[in-house]
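Biologist: Before we discuss the classification of individual residues, may I see the model itself?

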Amino acid sequence: MTGITQNRLSASASPYLLQHKDNPVHWQPWDDLALAEARKQDRPILLSIGYAACHWCHVMAHESFEDTDIAALMNSLYVNIKVDREERPDIDQLYMAALSAMGEQGGWPLTMILTPEGKPFWGGTYFPKEARYGRPGFADVLVKVETAWRQRRHEIDANADRLQAHLKQELAGSASPVTISPKIISDFSAKVTAIYDPASGGITGAPKFPNAPFLETLWRTRAREQDKAARDRFLETVTAIALGGIYDHIGGGLARYSVDGQWLVPHFEKMLYDNAHFIRHCVWAYAETQSDLFRLRIKETIGWLQRDMTMPAGGFAASLDADSEGIEGKYYVWSWEEVKDILGDDAAPFSAAYDISSGGNWESSSILNLSAFRADPDRAGAEIIRFANERALLLKRRQTRIPPALDGKVLADWNGYAIRAIAEAARYFGSESWLELADQQFRILMHSMFGEDRLSHVHDGKNAASFGFATDYAAMINAALALYEASGQHEHLTQAENLAKTLEKNHFDYESSRGFWMQEQGRSDTPMQTWNDLDEANPSATSQIIEAFTRLALLTDDIELTEFVNRITTQAAGRILQSRFGQGGFINAADTVLAAKKLVVVGSDRSSDPLWAWATAHPDPRRIDVFLASGNGNPQFTREGAYLCAQMKCSPPVVTSDELEILMEEGI
């Protein structure tokens, strides 16, 4: 049959799948045809999951998937399915959890062997073509696993059934509800503190990831408890990231992680979501310190999004590859000779500041960084300003190099993160151009990806996908609410309400009322309905939904929605708090639920109102802000001033910034 004797990836929209369309492997997309063929032929499925910017995915492709002998072996023994994890996070979540349950370390490429019914029974990550790095050769793996499948079929089926039952309990199970208390939130903050790296910031050890939920936990602890230690840890980490080699000092934007423990050597791929979270963190850091370092990093990162990541049909691209010309990092590193050729006499002071030397700091080349100024962010900001022209010259030269590949698919959830971050930065800095950028991108995505029955997860520049995920709705609701806070345009509040209604219709588990499934209900190619309770690089779907619905309920004074959020929060807490990892996003969302704070400012002009200016200058993710014009017709807010509302009641209005500051510190 044609579905099994040829590579079918050429019809895909995913750039990652298209990278494999010419492989001699008979790759199938994850769809009903491929799954039916596996059952029909009673063959195991070889599932390979990766993404376009994944370095080791490329390595395994070149070594094995482009090799005709390996491909012949794969084609003769398996139904081979390729999945873009960014396009199908539900498939990735399921089989990554399976690998973890097998006691293996996760990562990409993810290589799983499934029964014809899609139940996992063996797995790993990257395999070299021939045995090395202490790993077995891929050809040997293919033969041995398939031989075991034939000779021990009954045993493997039984084990696969047990693993499937375990996954269902882990990813779609239930637990007794737990009421969230301030102590639970404080105890989690203490756990974050316990694994903090006092020397370099972030989590102790290597590699170093800019863990967005943990950083937000520290910032919230500072805001909630006036905790100076949490404040310092947050600022130390954001500073280290902003000055390290993980940040692109020439073009702007953040790499995925650093392979070392000092934030120096990045894994050079750039992901949209990391940069969205980084913008928000820098807004908070600037609000706390007024250091130019953070203001400049926000400006540069938004500039990079506009210059390199904006797609012709609208929306921001998903990622930039780590490799160019087949070499990781080649696009980003510099030699002393090249810098001297470009800058001439100015090369020496620039190189002294940015750690450029003849011997280099990585594989005989230099990764630009300002880590020497970590203890003095203000000095670092001054150096960035001082060398603006030199960096512009290096950027001009770098643009003559062959750039890394761009994964141009537009993901609704990742774009939601970026739009929210830009809107919040626009409000803080009073930037009309940034607000216009965020608003324009949001409108384009709503037009191209939100229809009558769903919000699509991905758009390829021509067509939107026929499915969406819970994260898409939650991220776009939070983006809409950020735009509403920044602009006051009621249309954005209405859009948030419409997104929330569609999310509930497509994803809420009406049978148990325990929460929202990650996947749309009723999809035939979904192996299992799952909660998305635990964070990965981004906060979980559950945490994002709880935060989004809490903020929406506060803005609309919807008591029923408030009670609904409280119910699903206690249900989720029962599932999540028994896990060892990945609770940060949920704890942060629960912190918003407990705070339930809304600041209402009534005045004549939001652009010049001192109380609104104070609220803008003191960002707090536990609070949502609304500006109402004088004479707004709301009987609760008739007098000009600022009202703090929490737990279903509002304070009398205060009329000075000093009074507002005291009100915020003391509460109602």
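This is a predicted model: local features need pLDDT of at least 70, side-chain atom pairs count only at pLDDT 80 or more; totals for chains, interfaces and linings use all residues.

Biologist: Why is Met 648 called exposed?

Modeller: The label requires a relative accessible area over 50%. Met 648 has 59% relative accessibility, and therefore counts as exposed. Met 648 is located in the loop between β17 (641-646) and β18 (649-650).

Biologist: Why is Asp 557 called partly exposed?

Modeller: Buried means under 20%, exposed over 50%, and partly exposed in between. The relative accessible area of Asp 557 is 48%, so Asp 557 is partly exposed. Asp 557 belongs to the loop between α21 (541-556) and α22 (559-576).

Biologist: What makes the backbone of these residues worth noting?

Modeller: Most residues other than glycine have a negative phi. Asp 557, which is not a glycine, has a positive phi of about 55°. Met 648, also not a glycine, has a positive phi of about 70°.

Biologist: What makes strands β4 and β5 a pair?

Modeller: Pairing requires at least two bridges between the strands. Strand β4 (residues 110-114) and β5 are joined by 4 bridges, so they pair, and they run antiparallel. Thr 111 has Gly 124 in β5 as its bridge partner. In this hairpin, 5 residues lie between the strands, and Gly 118 takes a positive phi near 90°.

Biologist: Which peptide bond from Trp 108 is cis, and where does the proline lie?

Modeller: The bond from Trp 108 to Pro 109 is cis, with omega near 5°. Pro 109 lies in the loop between α5 (89-101) and β4.

Notes: Residues are numbered from 1 along each chain as its sequence is written. Side-chain values use heavy atoms; hydrogens and water are left out. Helices (H or I, at least four residues) and strands (E, at least two) are DSSP runs, numbered from the N terminus. Buried means under 20% relative accessible area, exposed over 50%, partly exposed in between (1.4 Å probe, protein chains only).
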